[in-house]
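The tour goes from one selection to the next and says what to look for at each stop.

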Amino acid sequence: MNKNKIAIMACVPALLLALTACSENNGGNRQVIHEPGKTITVIDKGSETQTAEPAITVGDYKMYEKTEIFGWLDEDTVIVSKENDSLAKMKLEELADSYPRSLYRLNLKTGELVPLKEQENAFLGGASLSPDKKHLIYQEYTLGDPAYYVMNLETLKSFGLAGDPIGGAVSAGWADDGSIIGASYAGGAYTASTNGDIAALKELNEGALIIVAKLGDSIYYNSNANEALKVLDLNTKETKDMGLGSVGGVIPSPDGKQLLVKQYEGSKVKLVLCDLDGGNAKTIAEGAELGGISWSADQRLIAYGMRAEVSGATVKGLYVHDLLSNEATRIAVDVENAVSSSWSPSGDKLSYSVWNGSGYDSNVVEIHTSLQN
């Protein structure tokens with residue numbers, strides 16, 4: 001476990017995530033905190049006053065090698081992709097040492113794997129559960145761009161996001177109403193239902209799009225030509241710039257009232273929390289790389305992987321930011337290339353997956369939150 005060694009109670013302020021601090025008491029009610037390159041003096045209001053401080057601790061921790069976890073059906077069951085050695089190896093010479101990757105339902109308690117989709121000579125992955133957990137968007141790929149499909153988890157039947165009028169899907173994601181939305185090879189955006197109905201989104205036909213996300217009557221998007229995030233109001237047909245600069249990702253909160261935005265500034269990337277119109281923007285993390293971002297269902301906790309340069313040293317880890325305390329805890333150290341994370345329905349467990357250079361490994365960690373005096 002040397003790669004993902006758990007750092008218990010590594011709690012640090014959100015804007016000083018990777019910094020190491022020490023403190024000394026200079027007498028009276030002052031405490032001096034030494035940070036690299038700075039000194040902060042904190043005035044204590046008195047030793048008789050006790051305040052409740054939220055804390056995050058880590059419980060059981062389990063690694064699932066050569067497995068990528070995508071989402072939780074319930075507290076004990078997740079959707080995964082992993083190599084399927086019951087099938088013949090891949091046919092392409094570049095992939096001849098690899099087995100196809102299939103989709104499964106995995107019981108974390110028993111280890112039972114139930115196949116959802118097995119296919120010769122194809123990698124299946126990139127999966128995303130619908131809000132009601134009855135359907136699954138997944139990708140089929142070998143080399144090059146993936147093809148997108150939608151699966152009914154009861155019947156296990158799938159249909160492709162392709163054909164007229166979109167040509168094919170460049171991307172695919174779930175809207176908050178359970179419909180599907182994404183960028184189209186024909187240009188602009190498309191929408192689809194879980195019944196297989198696909199239509200071009202006539203209100204948004206601005207060439208090659210990157211981000212396309214739907215929340216209520218608003219569509220958030222940017223393009224290859226302009227990476228600034230815009231929002232289209234489907235009622236008024238008006239479009240406005242969100243004022244967030246270059247954006248690489250948008251993750252709405254579970255209640256649809258806030259956004260997490262992955263924002264680029266030169267060589268740095270920030271994780272910004274803001275209102276639906278881009279207002280009240282607040283940076284909660286900043287580093288050289290950010291990935292694996294997800295909300296807990298109760299919206300208290302945000303998980304993300306980050307690599308940052310601190311005083312000439314590279315610091316890597318997986319963090320959980322507590323919005324109640326505005327603090328972050330590094331729950332695993334030396335985590336690099338975090339591609340995804342997801343929370344169990346209760347928020348008591350967090351899964352995260354990393355790319356190790358040749359495949360995916362995943363981990364499931366118990367997360368305990370409390371208020372301590």
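Begin by selecting tyrosine 138, which counts as buried because its relative accessibility is 1%, where buried means under 20% relative accessible area, exposed means over 50% and partly exposed lies in between, with a 1.4 Å probe and protein chains only. Before going further, note that this is a predicted model, in which local features need pLDDT of at least 70 and side-chain atom pairs count only at pLDDT 80 or more, while totals for chains, interfaces and linings use all residues. Residues are numbered from 1 along each chain as its sequence is written, and side-chain values use heavy atoms, with hydrogens and water left out.

Tyrosine 138 belongs to strand S11 and tyrosine 149 to strand S12 (residues 147-152), 11 residues apart; strands are DSSP runs of E with at least two residues, numbered from the N terminus.

By the ring rule there are 4 aromatic pairs, and the next one to select is phenylalanine 123 with tyrosine 141, a tilted pair at 5.6 Å centre to centre with 55 degrees between the planes. Phenylalanine 123 sits in strand S10 (residues 123-129) and tyrosine 141 in strand S11 (residues 135-141), so the pair ties together parts 18 residues apart in sequence. Phenylalanine 123 is buried, at 8% relative accessibility, whereas tyrosine 141 is partly exposed, at 21%.

Move on to the open sheet of 7 strands, whose order is S20-S21-S22-S23-S24-S25-S26 with antiparallel pairing; two strands pair if DSSP finds at least two bridges between them. Strand S20 (209-215) and strand S26 (282-287) are at the edges with a single partner strand each, so one side of each has no neighbour in the sheet.

Finish at strand S30 (residues 327-333), which is largely enclosed by the rest of the structure because 5 of its 7 residues are buried. Strand S29 (residues 313-322) runs antiparallel to S30 and is joined to it by 6 bridges, with aspartate 322 partnered by glutamate 327. Between these strands the hairpin has 4 residues, and asparagine 326 takes a positive phi near 60 degrees.

Key
Phe/Tyr/Trp six-rings, centres within 6.5 Å; stacked < 30°, edge-to-face > 60°.
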